[in-house]
Amino acid sequence: MRPRGWIRVGLHAANLAVIAFFLLPLIAALFGALQSEKSLHADTRGLWAREWTLDNFRVILSGGAQRGAIFEQATYLPDNIKKIHFALINSTVISVSVTLLTLVFASLTAYTVARLRSRWIMWLMGINVFARFVPVIVLMIPLYVTFRRFGMLNSIWGVIIALTGFLLPYGIIILAPYFASIPQELDDAARIDGCSRFTVLMRIILPLSTPALASYGAIVFVIAWNDLLIPLILNNRAEFMTLPVMIASLVGDVFTFFNLLMAICLIALAPTVILVLVLRKFVVRGLSAGAVKG
Amino acid sequence: MARSEPFRFGRERSPRVLGFVMNIPTLITLSLVLAYPIFYAAYLSFHKVSLAELRRGVYPFVGLANYERIFSDPLFRLSLKNTLIFTGFSVTVEIVLAIAIALLIDQQHIWTSRVTKFLILVPYAVPPIANGLIWSFMYSFEYGFLNRILYTTGISHTAVNWSGDPSTALIAVSIPYIWRTLPFAILLSHAALQGISQDFYEAASVDGAGALQRFWHITLPLLRPIIVVILVLRTSFAFAVFDEVLAITQGGPGDATWVASWYSYKKGFAPPFDIGAGAASAYVLAMIIGLLAISYGRLIYRRIQ
C-alpha cells in the first residue's frame, strides 16, 4: 500500500526527526572539534564558528608535535594526548587479535555444538547463553586481583585474554545455529571421500559460513574497540591504554577543553562507524541472530 | 607429512575425543575469564581485601561483613534505586521508540525511510565513552550545543542546566544511553515485523480494519515475543550501565547518578580501595541480573520447543 497525502508528509517528517536525533551528537562533535577553544569561548550562543580549523586533529594526531595556529600559545597539553599513538596502536592490536581469536575459538566450539552434540557440549552451549548476562564489573574485580598478583596488569595480553573470554559466548551463540543449518549431507559426502571432520570444518563449513563469520567478526571488532571497563581496570599506564581509556582519563581534566575532546571522540568513533556502515547487512543479521536464537 | 595429502587432524579419533580437543581453547579461555572470576569474586566478597591486604597477599575472612556494610550504606541503596529508575525509564522509552521506528523504516515507498534505515547502525558503533563525552559537550551549561540550539532557534533565552540539576540528571544520563542502544532494539523489532505475513493485513483490510486497528490487533500481538526478548536483554544490560555515567556526571551532581556498577567501581578502585565491598556489591548486581537471565533462558527455551 502506498501511503498518500498528509500521511506521506507525516512519515517524511517522522523520518527527518529520527535522522536528526541520530545525527545530532555527531554534528555537535564536529561543531566542537572544528574550532578553537577561543572561538567556543567567544560565542557561547551561536551555532556557527567564527573560524573553522583542523588544528585540533593536527595537534592530537601528531602527539602535540605540530601545534598549528590555535595551539601556538598553548602551554598545556595532557600527557596522555601526547602519547595517543600508543592508544591507537593498542586499540588496533587488541581489537584485531580479539576478533581473530574469538573467530577461531568460537568456530571450533560451534562445530562441536552443531555436529557432535554430545551431552556436555550442549551443556557448555547452555552456559554460553547465560554467560552474556554476567556484568563485566563482577568479573573485573577478581581479574584485577589475580592479574595484579601475577604481574599481568598493564599488558596488552591481559586485555586480549579478558575480552576474548567475554566475547566468545556471543560468537558460539551466533555460529552454532548457522553451522547447524548447513545440510549434514555435505559433511557425509566429504567424509565418504576421505575427509576428516576437521577438514570438513575447514573446507566446507567455514567457507559456507562466511556471512555468519563476517557478522560475528564485525560485531566483535566493534565491541572490542569500544570496550572501556576491562582495559580501564587492567591498564592504567599511558603506554598500555586503549583509546576509550585515554578518553576516560581526560574526563576529570578541567583544563582540557571541549574542542580537543570532541576531536578525540571523532577519531575514536570513526573506525567502528565506518566498519559498521560498510558491513551493514552482516551486522544487522548478526545482531538479530545473536538475540533470538539460543 | 611427507606425502602431498592435506594435513588430517584426528581422522582416526573418536567424536568424543575430537569434541574435547576442539573445545580446549574455549574451555581454557572461559574458565580463566568467566568461571574462575565468578567464584573468586564470591570468595573476595567474604574477605577483607584492600590495598594493605593486596600488598601482603593475605585476605582475612570476614564472613558477611562486606554485605552488611554495603546494605547499611545509604549510598548503595541509593545506587540500586537509581539503577532501577534509570533502567525502567530507558527500557520503556526504548521499546516504544523501537517499535515506532521499526514501523517507520518498514515503509518502502518513503525514500527518507531508506535513509533512516541506512543510518540506524551509526549509534551502535560509537564507543560509549565517546558518546558520553559528546553528550556532556551537548549538555554543557556555558558552551553546550543544546543551549546553542535553544538560543539560535529562539525557543529559550536562558541556559538550561541539562545534566547539572539533581532532579533531572538521571534522565540526562539515560538519553545518551537510549541513543546508543536503540539501534539494537529497532533491528530486532524490524526483523520481527518482516516475519509477519502480509496475508493477515490483507484479510483485516478486507474486513474493514483501519491502520490503527491493524496495528493494535495484528502487529502488536505478533510482536509480543520479540518485545519480551528486547525487554529482558535491554533490562539486564541497562542494569550494568557504566560508561555514560563516567563521562557525563561521574555520579554527580551530589550523588544523583550513582548507579550499581559505578558504586562497585568506586568502592574497589578509588580510595580506600575496598575491593571486598566492591566484589560484594557487584555480586548483588550479578544476582539481580542472573534472575533476569533465568527468565530469558526459559523464554528462549519455550521458543525452541
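Select chain A and colour it by domain: the assignment, which is automatic or taken from a database, gives domain 1 (5-78) and domain 2 (81-292). Their centres, taken over C-alpha atoms, are separated by 31 Å. The contact (heavy atoms within 4.5 Å) takes 21 residues from domain 1 of chain A and 18 residues from domain 2 of chain A.

This is a predicted model, in which local features need pLDDT of at least 70 and side-chain atom pairs count only at pLDDT 80 or more, while totals for chains, interfaces and linings use all residues. Residues are numbered from 1 along each chain as its sequence is written, chains are lettered from A and ligands numbered from 1 in the order in which they are written, and side-chain values use heavy atoms, with hydrogens and water left out.

**Between the domains of chain A**

Keep both domains displayed. Domain 1 of chain A and domain 2 of chain A bury about 1700 Å² between them, 78% of it on carbon and sulfur atoms; buried area is the accessible area (1.4 Å probe) that two parts lose on being put together, summed over both. Across this interface there are 0 salt bridges, a salt bridge being a side-chain nitrogen of Lys or Arg within 4 Å of a carboxyl oxygen of Asp or Glu. The rule for polar contacts finds 3 residue pairs there, both residues at pLDDT 80 or more. A polar contact is a pair of N or O atoms within 3.5 Å; within protein, one must be able to donate a hydrogen and the other to accept it, and residues adjacent in sequence count only if both atoms are side-chain atoms.

On the side of domain 1 of chain A that touches domain 2 of chain A, select α1 (5-33), α2 (37-42) and α3 (55-61) of chain A, the elements that give two or more residues. Helices (H or I, at least four residues) and strands (E, at least two) are DSSP runs, numbered from the N terminus.

**A salt bridge within chain A**

Next, select Arg115(A) and Asp187(A), which form a salt bridge with the closest N and O atoms 2.7 Å apart. Arg115(A) lies in helix α5 (residues 84-116) of chain A and Asp187(A) in helix α9 (residues 184-192) of chain A, so the pair ties together parts that are 72 residues apart in sequence. Over all chains, the structure holds 10 salt bridges.

**Between the chains**

Now show chain B with chain A. The contact takes 108 residues from chain B and 104 residues from chain A. The two chains bury about 9600 Å² between them, 79% of it on carbon and sulfur atoms. Helix α1 (residues 15-45) of chain B supplies the largest share of the side of chain B that touches chain A, 20 residues. Between chain B and chain A the count is 0 salt bridges, and 22 residue pairs are in polar contact, both at pLDDT 80 or more.

**Along chain B**

Select helix α4 (residues 74-105) of chain B. This helix has 32 residues and reaches 45 Å from its first C-alpha to its last, close to the 46 Å expected at 1.5 Å a residue; the expected span is 1.5 Å times one less than the number of residues. At the start of α4(B), a side-chain oxygen of Asp73(B) reaches to within 2.9 Å of the backbone nitrogen of Leu75(B).

**Backbone exceptions**

Most residues other than glycine have a negative phi, and most peptide bonds are trans. Select Gly252(B) and Pro253(B): a cis peptide bond joins them, with omega about -10 degrees. Pro253(B) is in the loop between α12 (243-248) and α13 (260-269) of chain B. The peptide bond from Pro271(B) to Pro272(B) is also cis, with omega near 5 degrees. Finally, select Asn154(A), which has a positive phi of about 55 degrees although it is not a glycine.
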